[in-house]
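Colleague: I have just opened this entry and would like to learn how to read its features. Could you take me through them one at a time?

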Amino acid sequence: MCGIIGFTGNIDAKEVLLQGLKSLEYRGYDSAGISFFTENGVNTIKSVGKVDGLADKVASVAADVVTKCGIGHTRWATHGGVSEVNCHPHHYGRVTLIHNGIIENYKELQEELAADGKEPVSQTDSEIAAMVIDSCYKNNPIKAIKKAVKKFTGAYAFCIMFEDHPGSIYAIRNGSPLVATTTPSGTIIASDMVALIKYSKDYFVLPEHHIAHLTSKNITITDLDYNEIEPDMLHVNWDMAAARKGGYDYFMLKEIHEQPEALRNTIAPRIKDGMPDFSTDGIPDSLFSDINRIIITACGTAMHAGLIGRNMIEKLTRVPVTVEIASEFRYQDPILDSKTLVITISQSGETADTLAALRLAKENGAKTLSVVNVKGSSIARESDYVLYTHAGPEIAVASTKAYTVQLAAMYLIAFRFAVIRGSVSEDKIKKYVAELEKVPSFVQKMLSCDKAIEPISRKLLKTESLFFIGRGLDYALSCEGSIKLKEISYIHSEAYAAGELKHGTISLITDNVPVIALATQQKVFAKMISNIREVRSRGAMVIMIAGADAEVDASLCDHLITLPPIDDAFAPFGAAIVLQYIAYYTAVGRGLNVDQPRNLAKSVTVE
Ligand code: F6R
């Protein structure tokens with residue numbers, strides 16, 4: 001959702017900015033631009049489309065330009081269409097800035113500026129922000145920023161250059177992420193650690209409502225009362241290789257293949273003597289001992305992980321769990337109290353709706369726990385407790401490894417909660433834990449099913465619409481299979497509870513509407529068989545995913561994918577790989593850019 005970067009130092013800033021923007025491109029790819037200080041003032045180069053296009057333009061018009069300080073932006077359009085004039089950086093008066101977020105009151109601000117005869121050239125809220133900051137600017141950048149942000153409502157991360165302060169970059173954020181570090185080559189700030197990793201594994205998150213002043217030697221941070229503060233340093237344990245494709249055609253395929261390791265890294269540190277253990281995460285037993293219900297809230301794929309988590313938590317603890325879409329939850333006036341545990345799930349830790357849901361839960365006295373992949377992200381920092389998943393950076397817009405590690409985290413939560421509650425015997429928990437420990441090698445085995453799935457996916461290339469059906473855990477998985485296929489292949493699909501089809505929707509089933517039927521759960525297998533027969537007799541091509549022991553009549557489906565043996569409760573880890581491959585190969589077969597699907601961006605920091 002827009003990637004931003006600023007660099008000032010002793011090496012070519014253009015290079016640092018362009019490389020950084022390339023790594024941030026997953027956050028938006030409608031247009032890209034950079035501004036940089038030169039002897040003659042601030043230069044700006046913008047280009048509609050991807051960062052490669054911008055890099056070509058920079059090479060042709062500014063290859064010899066010397067600059068050591070600049071800012072760059074890759075855009076996911078919100079206000080104002082995709083055009084060069086709406087592309088960042090935006091410039092007004094002595095101010096040049098890049099922005100990630102939305103200034104919600106920009107219309108009113110624009111009217112105030114118009115009363116002074118000031119008119120923007122673009123349709124963006126970001127240019128209005130530049131104009132407001134410029135109108136507050138006398139010659140003290142910090143004072144101007146402080147005054148201007150008081151006028152803004154909405155979310156923002158800004159990097160700002162003031163024409164008369166060459167070599168300096170100022171930054172502030174509210175809601176949208178910014179991380180920064182100091183290196184021997186200079187100082188750097190960006191939306192995500194992936195843009196910094198080439199220079200350092202150590203970084204800090206710019207605290208909200210604090211102003212960072214970057215010079216070539218250091219970064220000073222002041223709060224809005226001008227007090228200087230020392231940020232908390234963080235460290236990542238992944239490197240440049242993790243942020244590169246490493247020989248794979250797409251990040252998505254690489255990330256699918258990284259799942260065994262990501263799962264191992266997420267599960268192993270939480271198991272001690274065969275039992276779930278959160279002591280190194282600092283999560284106390286009291287978090288679980290005094291609650292009588294759980295609400296899981298998240299968006300998209302993370303919410304789908306919540307649906308599976310609910311199943312395991314309720315099964316083992318008999319404590320009621322509901323799963324809420326964060327964008328709905330936050331406006332529903334939910335009933336919350338100190339006996340409610342709200343679990344937020346988020347890969348990025350920055351999703352605006354999930355963050356708002358978390359804040360609402362806290363305001364209303366609920367206990368909060370988050371399952372987050374990005375260290376130090378807003379959701380992680382604002383939750384009472386955090387259980388980090390260890391997937392490493394996820395670059396492809398379509399989430400894969402982050403999803404399966406979220407499942408693992410939810411299972412660990414279910415096990416630990418059951419131990420604390422004493423709702424299940426120690427023996428039984430040990431058996432579940434032992435099964436979970438087998439999941440990384442189970443997933444490793446599953447990775448070789450690509451050979452079977454690629455040809456099946458070819459049958460879907462001309463499909464306009466299809467259904468995923470399942471019951472229980474398989475219904476939750478259907479939701480995930482459907483979003484994955486839709487977002488990268490642009491084929492319309494729906495996830496449906498298999499038993500619900502005949503209450504209206506089955507009228508859509510024809511020989512042109514394939515059905516992907518998940519039937520991995522013995523408990524409801526016979527019911528699924530009946531549902532599959534119902535769609536098959538209406539002409540649907542059926543792709544069936546079944547457990548190892550399933551006896552499937554050859555006439556039941558057109559294509560059968562069988563999982564290796566595993567307890568039914570853990571089948572989602574295997575079925576998820578099948579669904580990821582179906583989406584991936586269908587999108588590749590349709591000639592689409594799998595990592596950067598149209599209209600989407602990763603890390604949705606706006607509502
Ligand atoms: C789909 C996908 C999204 C995210 C959702 C939440 O493949 O990636 O649906 O799951 O935008 O994002 P996070 O997990 O960062 O909160």
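Modeller: Let us begin with a pair of strands: β9 and β10 pair in the antiparallel sense over five bridges, where a strand is a DSSP run of E of at least two residues, a helix is a run of H or I of at least four, and both are numbered from the N terminus. Two strands are said to pair if DSSP finds at least two bridges between them.

Modeller: Please keep in mind that this is a predicted model, in which local features need pLDDT of at least 70 and side-chain atom pairs count only at pLDDT 80 or more, while totals for chains, interfaces and linings use all residues. Residues are numbered from 1 along each chain as its sequence is written, and side-chain values use heavy atoms, with hydrogens and water left out.

Colleague: Which residue stands opposite threonine 183 in β10, and how many residues does the hairpin from β9 to β10 pass through?

Modeller: Strands of a sheet pair through backbone hydrogen bonds, either parallel or antiparallel. Here threonine 183 faces glycine 186 in β10, and the hairpin that joins β9 to β10 passes through two residues. β9 also pairs with strand β11 (residues 202–205), in the antiparallel sense and over two bridges, with valine 179 opposite valine 205 in β11.

Colleague: Why is β9 described as largely enclosed by the rest of the structure?

Modeller: Four of the five residues of β9 (residues 179–183) are buried, so the strand is largely enclosed by the rest of the structure; buried means under 20% relative accessible area, exposed over 50%, and partly exposed in between, with a 1.4 Å probe and protein chains only.

Colleague: What is the strand order of the open sheet of eight strands?

Modeller: The order is β3-β2-β4-β1-β10-β9-β11-β15, with antiparallel pairing. At the edges lie β3 (41–48) and β15 (233–235), each of which pairs on one side only. Neighbouring strands of this sheet are turned by 20° against each other on average, direction ignored; axes are lines fitted to C-alpha atoms, for helices over the stretch in contact, and angles run from 0 to 180 degrees between N-to-C directions. Within the sheet, strand β2 (residues 31–38) and strand β4 (residues 69–75) run antiparallel and are joined by six bridges, and the bridge partner of phenylalanine 36 in β4 is glycine 70.

Modeller: Helix α1 (residues 13–24) packs on this sheet and touches β1 (3–9), β2, β4 and β10 (186–190), with its direction at about 155° to that of β1. Helix α2 (residues 51–62) packs on the sheet as well, touching β2, β3 and β4; contact means heavy atoms within 4.5 Å.

Colleague: In what order do the strands of the five-stranded open sheet come?

Modeller: They come in the order β19-β18-β20-β21-β22, and the pairing is parallel. The edge strands here are β19 (321–325) and β22 (385–388). β18 pairs with β20 over five bridges, isoleucine 295 standing opposite valine 342 in β20, while six bridges join β20 to β21, where isoleucine 343 stands opposite leucine 369.

Colleague: Which residues point each way from β20?

Modeller: In a regular strand the side chains alternate between the two faces of the sheet. In β20, Thr340, Val342, Thr344 and Ser346 point one way, Leu341, Ile343 and Ile345 point the other way, and all are buried. Helix α11 (residues 352–363) lies across β18, β20 and β21, and runs at about 165° to β20.

Colleague: How should I read lysine 367, and which side chain of opposite charge is nearest to that residue?

Modeller: Lysine 367 is located in strand β21 (residues 367–372). The residue is buried yet has no salt bridge, and the nearest side chain of opposite charge is that of aspartate 290, 4.4 Å away. In the charge count, Lys and Arg are positive and Asp and Glu negative, with His and the chain ends not counted, and a salt bridge is a side-chain nitrogen of Lys or Arg within 4 Å of a carboxyl oxygen of Asp or Glu. A polar atom of the lysine 367 side chain does lie 2.8 Å from the backbone oxygen of serine 338.

Technical notes: Polar contact = N/O pair within 3.5 Å; in protein donor to acceptor, adjacent residues only side chain to side chain.
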